[in-house]
Amino acid sequence: MTNQNPNGVLITTIENTVATLEFGHPASNSFPSNLLDRLTNELNSLSDNPIVSVIVLKSSGSGAFCAGASFDELKSVSNLEEAIKFFSGFANVLNAMRNCSKIIIGRIHGKAVGGGVGIAATCDYALATSGSDIKLSELAIGIGPFVIEPAVIRKIGKSAMAEMTLETKWKTATWANQKGLYAKVFETTAELDVEIMVFANKLASYNPDALIEIKKMFWEGTEIWKNLLYERAEISGKLLLSDFSRKALNQFKK
């Protein structure tokens with residue numbers, strides 16, 4: 001499916017207590033503020049939905065899983081209030097995923113950059129293809145992966161996080177699997193989808209109350225995110241408005 005909606009799409013389907021939540025945007029499944037807000041609201045809604053036991057989070061098409069922040073929106077930000085609001089959109093999504101009462105399985109079918117890496121890391125269990133390489137390139141445009149850092153470091157550790165952040169180079173799906181970001185990696189999307197279907201339905205057959213308690217257990221100790229991610233959004237916002245970032249964004253676009 002090729003998504004040409006300029007505002008992006010968000011589609012939820014529920015079958016046998018498994019909710020599949022699909023987001024998409026024509027710019028490599030990147031996130032403008034509006035789509036981040038819609039995703040946050042839908043995650044909160046599914047968290048409270050008694051007929052849902054498990055969530056599969058996926059993106060549209062066969063290209064990138066998620067290119068992170070909307071480049072056009074990053075360029076259009078003109079003041080600190082707008083900048084903080086934009087980066088808080090990612091903070092809202094990560095906190096909604098963390099607080100969601102349902103286990104979230106990530107279907108990572110392609111490359112992930114920046115915020116896309118953060119979303120993959122915040123899934124409770126992420127499955128990927130061999131083409132699902134990852135990159136944190138924020139330093140190249142004068143900012144840093146501040147909002148997503150707690151989520152990524154929780155999965156891959158400080159050393160690997162430092163390597164990704166400072167090198168700003170692509171890391172392979174195999175590397176991501178070895179570091180713990182991906183639970184398993186498959187050669188094809190067909191194999192990936194079979195595994196996700198089997199795994200999601202197996203989880204859905206378990207006691208839903210047990211799954212809720214396990215989810216709480218997974219996220220013990222992350223209560224600080226309630227404030228931390230928004231403090232990080234402010235750091236990102238201030239840096240985005242710097243002369244360095246403005247120039248870097250203009251050069252990057254060219």
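Val194 counts as partly exposed, because its relative accessibility is 48%, a value that falls between the 20% limit for buried and the 50% limit for exposed. The model described here is predicted. Val194 is part of helix α7, which covers residues 189–204. Together with Met197 and Val198, Val194 makes a nonpolar surface patch of about 280 Å².

The largest nonpolar core has 61 residues. Within this core, the residues with the most contacts are Phe31, Leu57, Met97, Ile134 and Tyr182. Helix α3, residues 80–99, supplies the largest share of the core, with nine residues. There is also a second, separate core of 14 residues, and Leu192, Ile196, Phe199 and Ala200 are among them.

When neighbours within four places in sequence are left aside, Leu57 is in contact with Leu21, Phe23, Leu39, Met97, Ile104, Ile105, Gly106, Arg107, Ile119 and Cys123.

Leu94 gives a view from helix α3, where this residue is placed. Its relative accessible area is 1%, so Leu94 is buried, the limit for that term being under 20%. Again leaving aside neighbours within four places in sequence, the contacts of Leu94 are Gly118, Ile119, Thr122, Val147, Ile148, Ala151 and Leu229. Gly115 lies 21 residues from Leu94 in sequence, and the C-alpha atoms of these two residues are 9.7 Å apart in space.

The last stop is a pair of strands. Strand β1 (residues 9–15) and strand β2 (residues 18–24) run antiparallel and are joined by seven bridges. Two residues stand between the strands of the hairpin.

Asn16 is in the loop between β1 and β2, and Thr17 lies in the loop between β1 and β2 as well. Most residues other than glycine have a negative phi. Asn16, although not a glycine, has a positive phi of about 55°. Thr17 is not a glycine either, and has a positive phi of about 65°.

Terms used
Residues numbered from 1 in each chain as written. Predicted model: local features only at pLDDT ≥ 70, side-chain atom pairs only at ≥ 80, totals over all residues. Heavy atoms only, no water. Core = buried A, V, L, I, M, F, W, Y, C linked by side-chain atoms within 4.5 Å. Buried < 20%, exposed > 50% of the residue type's maximum accessible area, 1.4 Å probe, protein only. Helix = DSSP H or I, 4+ residues; strand = E, 2+ residues; numbered from the N terminus. Contact = heavy atoms within 4.5 Å. Patch = residues over 30% accessible without salt bridge, like charges linked within 9 Å, V, L, I, M, F, W, Y side chains within 5 Å. Areas by Shrake-Rupley, 256 points an atom, 1.4 Å probe, with all protein chains shown as cover. Salt bridge = Lys/Arg side-chain N within 4 Å of Asp/Glu carboxyl O. Pairing = 2+ DSSP bridges.
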